[in-house]
Structures are given as C-alpha cells and as structure tokens.
Amino acid sequence: MNSIKENLKHIRKTIPEEVTLVAVSKTKPISDILEAYQSGQRIFGENKIQEMTNKWEEMPKDISWHMIGHVQTNKVKFMAPYVDTIHAVDSFKLLKEINKQAVKNDRTINCLLQIKIAQEESKFGLDISEAESLLNSQEVKSLANITITGLMGMATFTDNKEQIKNEFNSIQSFFEKLKTDHSTLKTLSIGMSGDYQLAIEHGSTMVRIGSSIFGARNYSH
Ligand SMILES: *Cc1c(COP(=O)(O)O)cnc(C)c1O
C-alpha cells in the first residue's frame, strides 16, 4: 500500500489547481491526519461532530474543518466554535440554528446546500425547488452569520457511469443557473474517491476524497 503522502501527491496531480481538496479523515486516527498535514494538507472532512471535535482539539489550529455528514440541529453548538464549512445543510431550521450558534461565537460559518441528485432513496437533501426557495427567502437572507457558499451533492453509489454523469449534470446546470442571481455561490462540492474525475468534468470546485488518500475504512461497530 502507498503512504498517505504518496496518495496525496498523486491526487493533487490529478486535480486542477483551482479545485479544492477536502481530505476525508473520518474513522482515521490522528497519526494519519498528521501525516497528511505534514504533506501540506490543511482541509479535512469528517462526518461525525463528536469525532471531528476531538480531532480539532488535538490537531494544529490552522486546519479548516469541514462537516460533510448529516447534522442534527442539537449538535451544531459543539462545532460552531471552529467549523469552517458545513456541507449537508438541508433545512431552514438547520440554517437558523447554525446562524444562532455562529452569532454566539462571533463567527461566520459557510454552508453548502445539499441537493438530492441520487436516485437512491436513502440520500438526504433538498429538491431543486426547495433549494431555490431557501436561497430566495428573506428570512434566510437575514441570517447575518452564515454564508451560503454553494451546493453539495452525492451521486448514487453505482458502477453505472452514465447515471453518475446524469446526476452530476443536473447539479452542475442548477449551480450555473443559481450563480447568476446569487453571488455568494462559489462552491460546487461533488466528487469522492470513485467519481471525482467525472465530477471535475462536471464543474466540481471541491472534491471530498477519503479512501484514495487514507486507504479503505474499517467500520468495526
Ligand atoms: C465518506 C464520504 C466521502 C469520501 O468517500 P471516499 O469514497 O472514501 O472518498 C465523501 N463525501 C461524503 C459525504 C462522505 O460521507
């Protein structure tokens, strides 16, 4: 197996400079994150708030932490002191809570709206029309301590490239359309280890890559 350092180097070579790499370190130990850090990586993604907070406490403070998992409203307060970007925002209630906790911490928190693009039932996210009404809502615009910086999507877990392409196509065209009216939208967070090349072909500005950097994950529970 290659080292984390070699994997990172390889991935950086295969993505354009302007595409942001989020290294998804969920389930991985501090020693792995440190190895990536020492190779220059400064943006890490986690999907559990408690785990991310433990890692934040132990790791150097110039890291940007991205929450990429589903967020329960009552847990926002634990990450509000430090989280940079929350990727999977899917309701007004959650935006309001993120803003409230950001105010308490005198910070601004970046939010991405998760768009439902996959055919699969289990995926969270907003329909295109729901995302549009959130972005246009005066109530949302009045939330001064959050910035909606873009959209996030997850394609169906499948080997069918055509299906993944169609799903990325739909979020890409929606993103392009919204960008003309909403100047804060800069980020299209699509692409994981298995599909990031395809995502970049469809306008991804931020890829979330875990196993291709850190190796396969072990879920022992
Ligand atoms: C785990 C995860 C990733 C990374 O997946 P890999 O296939 O290991 O690259 C990306 N995005 C989300 C939302 C995830 O939960």
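Analyst: A residue counts as lining a pocket when it has an atom within 4 Å of one of the grid points that make up that pocket. On that basis, and bearing in mind that the model is predicted, the largest share of the lining of the largest pocket comes from helix H9, which contributes 4 residues. The pocket itself holds about 890 Å³ of space, and 32 residues line it, of which Met154, Ala155, Phe157, Met192 and Arg208 are the closest to its centre. Besides H9 (196-201), helix H8 (161-179) and strand E8 (206-209) each supply at least two residues of the lining. Divided by class, the lining has 13 nonpolar, 11 polar and 8 charged residues.

Helix H8, which takes part in this lining, also packs against helix H6 (residues 128-136), and the axes of H6 and H8 come within 12 Å and cross at roughly 20 degrees. Because angles under 35 degrees count as roughly parallel, H6 is described as roughly parallel to H8, and the crossing of the two helices is right-handed. On the H6 side the contact involves Ile128, Ala131, Glu132 and Leu135, which meet Phe174, Lys177 and Leu178 of H8. The residues of this contact divide into 5 nonpolar and 2 charged, with no polar residue among them.

Helix H1 (residues 4-14) and helix H2 (residues 30-38) pack at an angle of about 50 degrees, and their axes are 9 Å apart. H1 and H2 are therefore oblique to each other, and their crossing is right-handed. The contact is made by Ile4, Lys5 and Leu8 from H1 together with Asp32, Glu35 and Ala36 from H2, and its residues divide into 3 nonpolar and 3 charged, again with no polar residue.

Taken together, H8 links the two parts of this description, as a contributor to the pocket lining and as the partner of H6 in a roughly parallel arrangement.

Definitions and conventions
Residues numbered from 1 in each chain as written. Predicted model: local features only at pLDDT ≥ 70, side-chain atom pairs only at ≥ 80, totals over all residues. Heavy atoms only, no water. Axes fitted to C-alpha atoms, helices over the stretch in contact; angles between N-to-C directions. Parallel < 35°, antiparallel > 145°, perpendicular 65-115°, else oblique. Left-handed = near helix turned anticlockwise from the far one by under 90°. Contact = heavy atoms within 4.5 Å. Nonpolar A, V, L, I, M, F, W, Y, C, P; charged D, E, K, R; others polar. 1 Å grid on protein atoms, 1.4 Å probe; cavity = no way out; pocket = protein on both sides within 12 Å on 5 of 7 lines; lining within 4 Å. Points joined across faces, edges and corners; volume = space filled by probe spheres on them.
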